[in-house]
Amino acid sequence: MYLHRLVYYSENKIRDLGLPLAKELKAIVLSGQKNNPAAGITGVLAFNDQYFVGVIEGDRRRLSSLLMRIARDKRAANLTVLSAGEIDERRFDDWTSVYAGHSETVDRLYLRFGLTQGLDPGRMSADSLFALLDALSRLEAGQLARHPTSATEHGEVIKVTTVFAGGSQEPRKPLETVAR
Ligand SMILES: Cc1cc2nc3c(=O)[nH]c(=O)nc-3n(C[C@H](O)[C@H](O)[C@H](O)COP(=O)(O)O)c2cc1C
């Protein structure tokens with residue numbers, strides 16, 4: 001396997017398409033949980049109502065094929081790759097998705113990366129976005145914001161981690177799933 005890493009962002013078009021936000025976000029997270037372990041893809045996907053930002057690591061052919069899928073996905077637009085290249089080792093042992101809203105802890109993180117208005121990947125370098133995603137993925141579910149629409153829609157997806165079982169690449173039960 002040729003290990004690569006890719007950092008990207010895209011616009012969140014779910015609302016513009018007239019689709020239920022929380023339900024579609026949950027569906028995207030479920031796709032990642034189902035497919036990424038089998039494909040040996042680790043990393044982080046963070047989202048708010050405007051953007052998706054992500055880092056994915058794994059075999060370069062599998063990363064490319066996932067990137068094509070995301071590029072074709074109508075729920076996202078203007079996919080922008082900030083960096084792509086070989087790595088010697090993975091930074092992530094699993095695949096985590098987090099809601100990048102506003103909470104005290106998350107706002108402090110944004111400030112550390114020069115973001116005064118919340119997540120705005122258009123104003124970030126690849127290194128900065130990578131470091132933010134790394135930090136976000138390591139927060140506890142309780143430190144993250146709650147998604148505002150979730151009370152009326154299909155439950156919350158605050159933080160979901162798909163832990164890869166050693167060797168077999170079979171997904172284990174998610175570590176932290178906050179759902180109602
Ligand atoms: C921003 C964004 C990131 C996504 N990330 C992943 C991912 O990491 N893994 C994945 O399998 N699907 C991901 N998806 C969903 C894919 O576009 C696609 O819907 C899905 O892979 C289809 O597979 P399924 O039919 O097996 O669920 C993402 C979609 C978006 C909009």
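Ser-137 is buried, at a relative accessible area of 9%. Buried here means under 20% relative accessible area, exposed over 50%, and partly exposed in between, with a 1.4 Å probe and protein chains only. Ser-137 belongs to helix α4. Leaving out residues up to four places away in sequence, Ser-137 touches Val-44, Phe-92, Thr-96, Val-98 and Lys-159. A contact requires heavy atoms within 4.5 Å.

The model is predicted: local features need pLDDT of at least 70, side-chain atom pairs count only at pLDDT 80 or more, and totals for chains, interfaces and linings use all residues. Residues are numbered from 1 along each chain as its sequence is written, and side-chain values use heavy atoms, with hydrogens and water left out.

The protein has 180 residues, of which 52% count as buried. Four helices and six strands are present. Their order from the N terminus is β-α-β-β-α-β-β-α-α-β. Helices (H or I, at least four residues) and strands (E, at least two) are DSSP runs, numbered from the N terminus. Among contacts between residues at least 6 apart in sequence, 74% join residues at least 24 apart.

Helix α3 spans residues 104–112, and Thr-105, Val-106, Leu-109 and Tyr-110 are buried in this helix. Viewed down the axis of α3, these buried residues fall within an arc of 140 degrees, so they line one face of the helix. The arc is taken from the directions from the helix axis to the C-beta atoms. An α-helix has 3.6 residues a turn, so residues three or four places apart point the same way. Glu-104, Arg-108 and Leu-111 are exposed on the other side of α3. Gly-114 follows α3 and has a positive phi, near 80 degrees.

The buried residues of α3 pack against α4 (126–137). Two packed helices are described by the angle between their axes and the distance between the axes. The axes of α3 and α4 come within 10 Å and cross at roughly 160 degrees. α3 is therefore roughly antiparallel to α4. Angles under 35 degrees count as roughly parallel, over 145 as roughly antiparallel, 65 to 115 as roughly perpendicular, and the rest as oblique. Axes are lines fitted to C-alpha atoms, for helices over the stretch in contact, and angles run from 0 to 180 degrees between N-to-C directions. The crossing of α3 and α4 is right-handed. At the contact, Val-106, Leu-109 and Tyr-110 of α3 meet Leu-132, Ala-135 and Leu-136 of α4. The residues of this contact divide into six nonpolar, no polar and no charged. Ala, Val, Leu, Ile, Met, Phe, Trp, Tyr, Cys and Pro count as nonpolar, Asp, Glu, Lys and Arg as charged, and the others, Gly among them, as polar.

Ser-125 lies in the loop between α3 and α4. Ser-125 is partly exposed, with a relative accessible area of 42%. Its C-alpha atom is separated by 9.8 Å from that of Phe-113, 12 residues apart along the chain.

Lys-13 sits in the loop between β1 (3–12) and α1 (21–39). This lysine is partly exposed, at a relative accessible area of 24%. Neighbours within four places in sequence aside, Lys-13 is in contact with Lys-74, Arg-75, Ala-76 and Ala-77. The C-alpha atoms of Lys-13 and Asp-49 are separated by 8.4 Å, with the two residues 36 apart along the chain.

Asn-78 is located in strand β4 (residues 76–86). Asn-78 is not a glycine, yet its phi is positive, at about 55 degrees. With 52% relative accessibility, Asn-78 counts as exposed.

Notes
A crossing is left-handed if the near helix is turned anticlockwise from the far one by less than a right angle, and right-handed if clockwise.
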